[in-house]
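Subject: Structure handover and notes

Dear colleague,

Here is the structure I promised to hand over.

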Amino acid sequence: MKKYSVFNLFTNALSYHENWQRAWRSPKPKSDYDVVIVGGGGHGLATAYYLAKVHGVTNVAVVEKGYLGGGNTARNTTIVRSNYLWDEAAALYEFALKLWEDLSQELNFNVMFSQRGVLNLGHTLQDMRDIERRVNANRLNGIDGEVLTPQQIQEIVPLLNCSPSSRYPVLGASWQPRGGTARHDAVAWGYARGADSYGVDLIQQTEVTGIRRENGAVVGVETNKGFIGARKVACVTAGNSGVVAAMAGLRLPVESRPLQALVSEPLKPCLDTVVMSNAVHGYISQSDKGDLVIGAGVDGYNGYGQRGSFNVVEHTVQAICELFPAFSRVRMNRQWGGIVDTCPDACPIISKTSVDGLFFNCGWGTGGFKATPGSGYVFADTVANNRPHPLAKPFALDRFYSGALIDEHGAAGVAH
């Protein structure tokens, strides 16, 4: 048995993995599907998976212009939490967090979800008032949360500068023990493999160039490889939702902006939780490889560039060095930007549209990754049943006409 295993390993190494079993198929698109999902990121793949598993809708294609999980799913900092302020948002993110807790078992794929806890620092009296309000609201909704003193914070994060004379004095923090991080590409791969196992077609390197309508209803999508018919089209194209909506003659209340992050050289384990600060627009965690993963805020302009502005990186690194003086000599390895869609109320759109059979899931701003399982589940339910899932109902497009907005700028004001 050992000889066979060594021989098998040796031959696979020489074949450059060509003999390995494929995680999912690479089919040619069929002429017609019940549902075409535009966007092969985490949310789109999760939607396909739950459509197939929960609702039995398996004649589904996920159409991705690049490779699966290669957009914002690959360009975020992997933080997961549910401590949002308002009932509607907190319920949606808490539902997602509960799915996260069993996701590796659900997908039979290790998504490396690590519940290492999330700290939100307070630097001013107003910060602390907001933190206390949010923690109390969370606890009323059955969501874990505590308000910590500087002494308690120091016990959790010894490297954090909690001196009262520091540039950003730490007066306290909110603490969600069940929050943490996950591996972003593993989430995409797990959902892709799961969806494929139910017969969903995952079509990569195929760009949607138009949405065809007839008599007020969607009939399919135009792509760079030809027309694909569909009775329903579900668009999950973070960063490009406004562009895709325009293909159907719609205008969404979203703005697209670059969101920046950077990663350091690997270090020995020194930070075993997530530390965030709205006031300085920076946050930090340490990956399982030892890298310091640092996130910044969005740029002050609309755009689709995936690098962002140097001044944003400069400000964030300066703030992190003030909070963690021990990191001041750590070298940065790389920097990147993702493109986020932001809505006026810092909450997503999960909704039918005025075009029959056309659905949009977008506008997650800086909070899309943490919502991945919940977003896919409720969007799949909405698409399958042609009506909003109860958790998605508050996030319908018509709220921008009725004025029933859910202002989460306080809990989502920093990129995380």
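What follows describes the helix packing, the nonpolar cores, the sheet and a few single residues.

This is a predicted model, in which local features need pLDDT of at least 70 and side-chain atom pairs count only at pLDDT 80 or more, while totals for chains, interfaces and linings use all residues. Residues are numbered from 1 along each chain as its sequence is written, and side-chain values use heavy atoms, with hydrogens and water left out.

**Helix packing**

Helices (H or I, at least four residues) and strands (E, at least two) are DSSP runs numbered from the N terminus. The axes of helix H3 (residues 87–101) and helix H10 (residues 372–385) come within 7 Å and cross at roughly 110 degrees, where axes are lines fitted to C-alpha atoms, for helices over the stretch in contact, and angles run from 0 to 180 degrees between N-to-C directions. H3 and H10 are therefore roughly perpendicular to each other, a term that covers 65 to 115 degrees. On the H3 side the contact (heavy atoms within 4.5 Å) is made by Leu-92, Phe-95, Ala-96, Leu-99 and Trp-100, and on the H10 side by Thr-372, Pro-373, Gly-374, Tyr-377 and Val-378.

**Nonpolar cores**

A nonpolar core is a set of buried Ala, Val, Leu, Ile, Met, Phe, Trp, Tyr and Cys residues joined through side-chain atoms within 4.5 Å, and buried means under 20% relative accessible area, exposed over 50% and partly exposed in between (1.4 Å probe, protein chains only). The largest such core has 48 residues, and those with the most contacts inside it are Ile-37, Trp-100 and Tyr-191. Among the elements that give two or more residues to this core are strand E1 (32–38), helix H2 (42–55), H3 and H10, and H2 gives the most, with seven residues.

Tyr-191 touches, among others, Gly-42, Leu-45, Tyr-49, Leu-107, Thr-372 and Pro-373, not counting residues up to four places away in sequence. Gly-42 is found in helix H2 and is buried, with a relative accessible area of 4%; with the same exclusion of residues up to four places away in sequence, Gly-42 touches Thr-73, Tyr-191 and Thr-372.

**The sheet**

Eight strands form an open sheet in the order E5-E6-E4-E13-E14-E15-E12-E16, with mixed pairing; two strands pair if DSSP finds at least two bridges between them. Strand E5 (146–148) and strand E16 (332–342) stand at the edges, each with a single partner strand, so one side of each is left without a neighbour in the sheet. Strand E13 (residues 274–277) and strand E14 (residues 282–286) run antiparallel and are joined by three bridges, and Met-276 stands opposite Tyr-283 in E14.

**Backbone points to check**

Most residues other than glycine have a negative phi. Met-112 has a positive phi of about 55 degrees although it is not a glycine; Met-112 is found in the loop between H4 and E4 and is partly exposed, with a relative accessible area of 30%. His-281, likewise not a glycine, has a positive phi of about 50 degrees; His-281 lies in the loop between E13 and E14 and counts as partly exposed at 33% relative accessibility.

With best wishes

Key: Angles under 35 degrees count as roughly parallel, over 145 as roughly antiparallel, 65 to 115 as roughly perpendicular and the rest as oblique.
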